[in-house]
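Visitor: I am new to reading protein models. Could you take me through some features, one at a time?

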Amino acid sequence: MDLIFGKNKKEQLEPVKAKVTGRIPAWLQGTLLRNGPGMHTVGETRYNHWFDGLALLHSFSIRDGEVHYRSKYLRSDTYNANIEANRIVVSEFGTMAYPDPCKNIFSKAFSYLSHTIPDFTDNCLINIMKCGDDFYATTETNYIRKIDPRTLETLQKVDYRKYVAINLATAHPHYDGAGNVLNMGTSIVDKGKTKYVIFKIPATVPEAKRKGKSPLRLTEVFCSIPSRSLLSPSYYHSFGITENYVVFLEQPFRLDILKMATAYMRGVSWASCMAFHREDKTYIHIIDQRTGKPVPTKFHTDALVVFHHVNAYEEGNCVLFDVIAYEDDSLYQLFYLANLNQDFEENCRLTSVPTLRRFAVPLHVDKDAEVGSNLIKVASTTATALKEKDDQVYCQPELLYEGLELPRINYAHNGKQYRYVFAAEVQWSPIPTKILKYDILTKSTLKWAEEGCWPAEPLFVPAPGAKDEDDGIILSAIVSTDPQKLPFLLILDAKNFTELARASVAVEMHLDLHGLFIPDTDWGAKSQTPAEAPQDEASDGHAAPRA
């Protein structure tokens, strides 16, 4: 496992041509752009957690049956500061960094004070977000980094706080049909209130207001939800949307703000300030996008931890939403590098297996309904919503499948009724060994697996003019632990899960987290090779230094 998790990966700055076996569909023209941790040691210092590693972007450019690969570390302020010092000097959630021990006592005291309200890292290692014509590397702090998807160059550093009052934000935004970005963030103790903020970034800037302005400048908040605890807001990694509603789970996996404010002084990481409270409930918030107001009924379910929402939609006066749920927070604990690199099989046995669960929430509750009655009348699910006293409703999910993570769907069906989930299969370990297609209607699966291969999140790309939901292909970057087998880009037929092609590259590929596919039509670069594509320049002259 040290080959996958412990070893720093080298950049591949110049495009390298992959060896393609099989046949890539002629219509597949574009770039798969991915993000994830690639460097876990700097000098003699080491990150504690795999999710702390420095962001390494990589891309597969697919044109005319050929594939070119390249990778480049995100030149964040965090990266530059660490490399210059040859040690970890910027804290991540699982690793607290400290100033040079040679600094005098006044410098150390100032460092303690400055960490009371931390300025979080801009090590944007989780996902890629499209905003208007621009692309950003994202993480869960208030920072995002603009990147050039052709060259993987790092451009501007963007602070969400200039446009919306949040300290944390998800790395899993949603997009509507017009390309507008919908996202959520947490505002910590803003004017004495801790709240969850839902905001929208327009896809375009009106001509009259353009003048080189980014759509971020027109960000607007359309709903704020007070945290149930002023000093312990819920952690959340994603959320769901339907055509008319937003689904947000306020789960009892919470961040203690007072502990976080003293973490640096106490010599502990911010991750140690997060705790799962299994005795508490998970509260389900349904927000009407048209009014910006939550549905007044109070919905709740048992304590759980959700990292990834799969999809949500409306049916029969209900909101149905599917999530990958855990019984506790053990997944985060398992990704400490000490667990991944020593006694791997013993340390990484999942105490809580991720399960695909479907919840159903009634949009209107009959006040005359009896206490204890099931308010869900749709026949498509066995999920229940039981009426309780004081206008509260207890939601119990339908269990659909056990042992899957990193779910993706045909995004054309996002917020709508759908049938297929594409995901990585995980069993006793949090590390995926298979890719699967789950059919919600028939409850059947198709799987791909190969000895010594560790697949990344499977991404669905629809075929041109597709009529069926699964008419397209699946892309996944595969890391190999077999010394005789190079890492490769896997291309599957999404209907039958047969392999169409693979593109092998003689590079040190890292196991990534999330990303997106950019069709050539999205940037008009169809005739360009990766090496010929022009470099984007930061419009305000504040491009990150190049290392």
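Predicted model: local features only at pLDDT ≥ 70, side-chain atom pairs only at ≥ 80, totals over all residues.

Visitor: Which parts of the chain does the pair of R145 and D77 tie together?

Guide: R145 lies in strand β10, residues 143-147, and D77 lies in helix α2, so the bridge ties together parts 68 residues apart in sequence.

Visitor: Is R145 buried or exposed?

Guide: Look at relative accessibility; under 20% means buried. R145 has 1%, so R145 counts as buried.

Visitor: How many salt bridges does a search of the whole structure find?

Guide: The search finds 26. One of them joins the side chains of R63 and D520, at 3.0 Å from N to O. R63 sits in strand β6 and D520 in the segment after β39, so this pair ties together parts 457 residues apart in sequence. R63 is buried at 12% relative accessible area. D520 is buried too, at 2%.

Visitor: Where do D468 and K495 lie?

Guide: First, their side chains meet in a salt bridge of 2.9 Å, N to O. D468 lies in the loop between β35 (459-462) and β36 (472-480), while K495 lies in the loop between β37 (488-493) and β38 (499-504). The pair therefore ties together parts 27 residues apart in sequence. D468 counts as partly exposed at 41%, and K495 counts as partly exposed at 34%.

Visitor: Which residues are linked in a network of salt bridges?

Guide: R34, R408, E457 and D512 are linked in such a network.

Visitor: Now sheets. In what order do the five strands of the open sheet come?

Guide: Read across the sheet, strand by strand. The order is β1-β7-β6-β3-β39, with antiparallel pairing. At the edges stand β1 (12-17) and β39 (514-519); each has a single partner strand, so one side of each is left without a neighbour in the sheet. From one strand to the next, the twist averages 20°.

Visitor: How many bridges do β6 and β7 pair over?

Guide: They pair over eight bridges, in the antiparallel sense. Take I62 as an example: its bridge partner in β7 is V67.

Visitor: Which helix packs on the sheet?

Guide: Helix α2, residues 77-85, packs there and touches β3 (30-39), β6 and β7. The direction of α2 makes about 120° with that of β6.

Visitor: What should I look for in backbone angles?

Guide: Most residues other than glycine have a negative phi. D64 has a positive phi of about 55° although it is not a glycine. D64 is found in the loop between β6 (54-63) and β7 (66-73). D64 is exposed, with a relative accessible area of 65%.

Visitor: Where is N317, and what is its phi?

Guide: N317 has a positive phi of about 65°, and it is not a glycine either. N317 sits in the loop between β24 (305-315) and β25 (318-326). At 41% relative accessibility, N317 counts as partly exposed.

Visitor: Last one. Is N183 buried or exposed?

Guide: N183 has 1% relative accessibility, so N183 counts as buried. N183 lies in strand β14, residues 181-190. The side chains of N183 and T170 are joined by a polar contact of 2.6 Å. Leaving out residues up to four places away in sequence, N183 touches several others, among them Y160, H172 and F239.

Methods:
Residues numbered from 1 in each chain as written. Heavy atoms only, no water. Helix = DSSP H or I, 4+ residues; strand = E, 2+ residues; numbered from the N terminus. Buried < 20%, exposed > 50% of the residue type's maximum accessible area, 1.4 Å probe, protein only. Polar contact = N/O pair within 3.5 Å; in protein donor to acceptor, adjacent residues only side chain to side chain. Contact = heavy atoms within 4.5 Å. Pairing = 2+ DSSP bridges. Axes fitted to C-alpha atoms, helices over the stretch in contact; angles between N-to-C directions. Salt bridge = Lys/Arg side-chain N within 4 Å of Asp/Glu carboxyl O.
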